[in-house]
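The following note sets out some points for the file on this structure.

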Amino acid sequence: MQELDDLDRTAALAFDGFMVRKDLAQKFKGAYPVPTYVGEFLLGRYCATTDEEEIAEGLAIVERLLRDRTVRAGEEELFKSRAREQGAIKLIDLIQAKLDPKANAYVATLPSLMLTDVRIDDSLVANNERMLTGGFYAEIDLEYDAAIAGESSGKPFGIVGLRPIQLSTKSALGDLAHGRAAFSTSQWKQLLLRSVGFEPSQLTDRQQDILLMRMIPFVVKNYNMVELGPRGTGKSHLFQQVSPHSHLISGGKATVARMFVNNSTGQRGLVAQHDVVCFDEISGVSFDQKDGVNIMKGYMESGEFSRGRESIRADGSIVLVGNFDVDVAHQQRVGHLLSPLPPEMRDDTAFMDRLHAYLPGWDVPKLNPAYFTGHFGLVSDFLSECWSQLRSQSRLSLIQGRIHLGDALSGRDTTAVFKTIDGLLKLLYPNPETEIADEDIAWAAELALECRRRVKEQQRRIGSAEFRNTQFGYRVGEEGIEKFVVTPELQSPDTIGLDPLPPGQVWGITPGIGDEPSGLYRIDVTETAGSGVRIVNRPTPAALRESIHVAEQNLIAQARGLVGDKSPREHEFNVQVRALDASKSGGSLGLPVLLALCSSLLQRSIKGGLITIGNLTLGGGIESVMNAAELAEIAMEKGAETLLLPVSARKQLFDVSDEVATKLSFVFYSDAVDALVKSLAD
């Protein structure tokens, strides 16, 4: 075992009786024909302690119970024989029940013994109604009555007692909320990850965030999520092994009757019986009826489906997981990132629009033993019951008025983003009376917007004009600055995207000086209290120093026209200029640097996809650009959408190629103030 750390000790005190060592659960994984949460339930009963001797004793008991009471393939007749010889046996199995109307009695099903007509008392069914809606694992006392066996159509096997494998109670969520108070937000995230088997110290913040997002469908009703990524990243683990409230459908035929409702019997389907229904290996899934996808599409939109004239509501979340076998960058060049979906889904923008989030499975590492924790975590059954109870709550009322989404989001986008934010905040704050920190709202918003925007980008790639605006942004607080969120696979820090840049960032091209070629630069400016301009670049080329000096003097001289009543002399500016081509001197960047200084001081963003060209004189004049057509070619190659350049260069652009003319828009300015007005985002 790994040595106990501070988080283990805090968790053991806060959740006494609800903790289990996760490496112990790994010992039994796959060794016995039961899910992980069954083994954890027994470990929680016999090994919920930090004392090594008590753990060893409890471990021996758990191993004996699993060995003696679970039925492996091929042992069915052995257990039935024991029941006959001994009169009764104890076993651990999934128990399901149904009403036999001909006999006016309930009969139970025990899958591991292949028994479908087991006698069970009405009171046991009444006290454990879950056996009528999909069933649950339990410790079962099974009897064999030889007298009944002698009767024609007699049912010799009968259940005389059962104990649900369930630590959780109706007070579980209250216990979770009370214990959460002992942890910081960072510690709580780590405990959640350990509780589902992962060791956060082995994972990056990005990887932890994605693993936390996998939990959202368990705490939000009617949440639709897709995750595609490489094999071996544990995409289906949470839905198969951790929670008894989820159901996994492996690739193959999915029947409408099983998913939604059986018209002949009226039996509600999986979406009504479980909190989460997960389609594994989604590329191989198909429905038995032609309208199956349309029924699911309608359900994903409204949470309803029709049975004849009757409309039935359910709140099961839909999760689609599958393998993504090609490089993400290559896939974006040749198609879109939802290509692994079945043919009837992959190019249907209406179906895509119902997906609340697309998780980037390619950012999760392929799992190996180093990623599994040997520390304490919450017993899976207890945690999953708390998640189920959280589904009836919301945290959106607590953040109303504190977060504002950008204008680019449609109604469905807004719904999707707020569902994701709600889920993440419920995971972090199980107590609805706890005040939510601004930084946690921002954290949730960025993940929510990124994962919804990934859906929109695929819709845009299919070519639908209605999904063209994907510049998703948000701000926290009334006075907050709007921050735009990108999907990392679309944009790196060194590529020109179509989203507005953060305040203080500008793209610029130098026209080339002497033997130095033209080149692309990114200017980053931050402002703080103080005065003057500090250049971060070391050493600072003389040409760059001159560009920044000229920009600073123009800002001071034209302050009224550029930044209104703000005084540049009362602010200190930190300037960093990054060369992204062979050009390194930073010469003739006066105007781009000035725009970055103004953007930083005004806390307003420059338009996305914009590159600026132009140099200034100390007197405020604009120097001529002699090679505008060449610079336009460079701007197009870099992925720009708009080129901002002096009006004196207008006539040179008659000579640009047809490709440049069709891919690049030209915006001309007459002076620095005109350039600023035309470059700022709306």
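Predicted model: local features only at pLDDT ≥ 70, side-chain atom pairs only at ≥ 80, totals over all residues.

1. Arg 9 and Asp 6. A salt bridge links the side chains of Arg 9 and Asp 6, with an N to O distance of 3.1 Å. The two residues are 3 residues apart in helix α1 (residues 6-14), so about one helical turn separates them. Arg 9 counts as partly exposed because its relative accessibility is 44%. Asp 6, at 53% relative accessibility, counts as exposed, since the cut-off for that class is over 50%.

2. Arg 84 and Glu 85. In this pair the side chains meet in a salt bridge at 2.8 Å, N to O. Is Arg 84 buried or exposed? Its relative accessibility is 53%, and Arg 84 therefore counts as exposed. Glu 85 likewise counts as exposed, with a value of 55%.

3. Lys 426 and Asp 422. The side chains of Lys 426 and Asp 422 form a salt bridge of 3.7 Å, N to O. Both residues belong to helix α21 (residues 411-428), where they are 4 residues apart, about one turn of the helix. How does their exposure to the surroundings come out? Lys 426 has a relative accessibility of 1% and so counts as buried. Asp 422 is buried as well, its relative accessible area being 7%. Both values fall in the buried class because that class takes in everything under 20% relative accessible area.

4. A salt-bridge network. Through salt bridges that share partners, Glu 301, Asp 353, Arg 354, Arg 412, Asp 413, Arg 452 and Lys 456 are joined into one network.

5. A negative surface patch. Which residues gather in a patch of negative charge on the surface? They are Asp 51, Glu 53, Glu 54 and Glu 57. Of these residues, Glu 53 is found in helix α4 (residues 52-69). Its relative accessibility of 62% is why Glu 53 counts as exposed.

6. Burial of strand β14. Strand β14 (residues 317-323) is mostly covered, with 7 of its 7 residues buried. In a regular strand, side chains alternate between the two faces of the sheet. Both faces of β14 are covered. On one side lie Ser 317, Val 319, Val 321 and Asn 323, and on the other Ile 318, Leu 320 and Gly 322; all are buried.

7. Pairing of strand β14. Which residue in β14 is the bridge partner of Leu 228? The partner is Gly 322. Strand β7 (residues 224-229) runs parallel to β14 and is joined to it by 6 bridges. Strand β10 (residues 276-279) also runs parallel to β14, with 4 bridges joining the two. In that pairing, Cys 278 has Val 319 of β14 as its bridge partner.

8. Overall description. The secondary structure of the protein amounts to 28 helices and 26 strands. The C-alpha trace spans about 110 × 55 × 45 Å along its principal axes. Of the protein's 682 residues, 53% count as buried.

Terms used:
Residues numbered from 1 in each chain as written. Heavy atoms only, no water. Buried < 20%, exposed > 50% of the residue type's maximum accessible area, 1.4 Å probe, protein only. Pairing = 2+ DSSP bridges. Patch = residues over 30% accessible without salt bridge, like charges linked within 9 Å, V, L, I, M, F, W, Y side chains within 5 Å. Areas by Shrake-Rupley, 256 points an atom, 1.4 Å probe, with all protein chains shown as cover. Salt bridge = Lys/Arg side-chain N within 4 Å of Asp/Glu carboxyl O. Lys, Arg positive; Asp, Glu negative; His and termini not counted. Charge placed at Lys NZ, Arg CZ, Asp CG, Glu CD.
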